[in-house]
Amino acid sequence: MNTIFRKSMLSVAGLAFAGGVFAGPIAAHANPAVDAKPAAVAVQSAAPKPQGDQSHITLNDEQTANVKAIIAATKKAGLPERAAVISIATSLQESKLENLGHLGDMNDHDSLGLFQQRPSSGWGTPEQITDPEYSTTAFLKGLKQVDGWQDMPLTDAAQTVQVSAYPDAYAQWEQQATDLVTQHWNS
């Protein structure tokens, strides 16, 4: 029996015991026909919990297509769902999943595309960086060079690749990125 499963079972057993100890005397005097309510049981998840307050945006068709392109590139690279979650959360922070061209004075240096990668920093040509498959593959190449990225907090993995002025900002997108990967990984 693996450790996570064993801990989950112990947690459920502990909740059941505690519920029986604390609810027992009350339940003995309850009228089941009137007071019956469904019971909820919490089970530990193997997935890491998102850090801090979470943000969420409603996606349009273009943003959803970019989510699917990131997932496809992740699968093509032979990487697991966690890599797609990190990639999507990074793109949510950097561009809100919009494939941005040059924004003039609003631009951060020469940053482009879903991941706001810079041609002057060696990420590729402007044409390459604004190609969702190419930019995702470039991000994933950087991610694979981060020792232990699979087990580190999302924001640390993303920051190690991106080197942002706002290193903790990626964490706020973890839940939405996880939900998007869950929704689109097998579609």
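Q116 sits in the loop between α4 and α5. This is a predicted model. Q116 has a positive phi of about 50°, although it is not a glycine. The residue counts as buried because its relative accessibility is 14%, and the cut-off for buried is under 20%.

V163 also shows a positive phi, about 55°, and is not a glycine. Its place is the loop between α7 (154-162) and α8 (174-184). V163 counts as exposed, because its relative accessibility is 64% and exposed means over 50%.

The two residues, side by side:

| Residue | Phi | Relative accessibility | Class |
|---|---|---|---|
| Q116 | about 50° | 14% | buried |
| V163 | about 55° | 64% | exposed |

Now the aromatic rings. A pair of aromatic rings is described by the distance of the centres and the angle of the planes. A search of the whole structure finds one aromatic pair. F115 and F139 form this pair, with 5.0 Å centre to centre and 10° between the planes. The pair counts as stacked, because planes under 30 degrees apart fall in that class.

The pair links distant parts of the chain. F115 belongs to the loop between α4 (81-95) and α5 (126-129). F139 lies in helix α6 (residues 132-144). F115 is buried, at 0% relative accessibility. F139 is buried too, with a relative accessible area of 0%.

One further ring contact involves a charge. K75 lies over the face of W185. The distance from the ring centre is 5.0 Å.

Key. Residues are numbered from 1 along each chain as its sequence is written. This is a predicted model: local features need pLDDT of at least 70, side-chain atom pairs count only at pLDDT 80 or more; totals for chains, interfaces and linings use all residues. Side-chain values use heavy atoms; hydrogens and water are left out. Rings of Phe, Tyr and Trp (its six-membered ring) pair if their centres lie within 6.5 Å; planes under 30 degrees apart count as stacked, over 60 as edge-to-face and the rest as tilted. Helices (H or I, at least four residues) and strands (E, at least two) are DSSP runs, numbered from the N terminus. Buried means under 20% relative accessible area, exposed over 50%, partly exposed in between (1.4 Å probe, protein chains only). A charge sits over a ring if NZ of Lys or CZ of Arg is within 6 Å of the ring centre and within 35 degrees of the ring normal.
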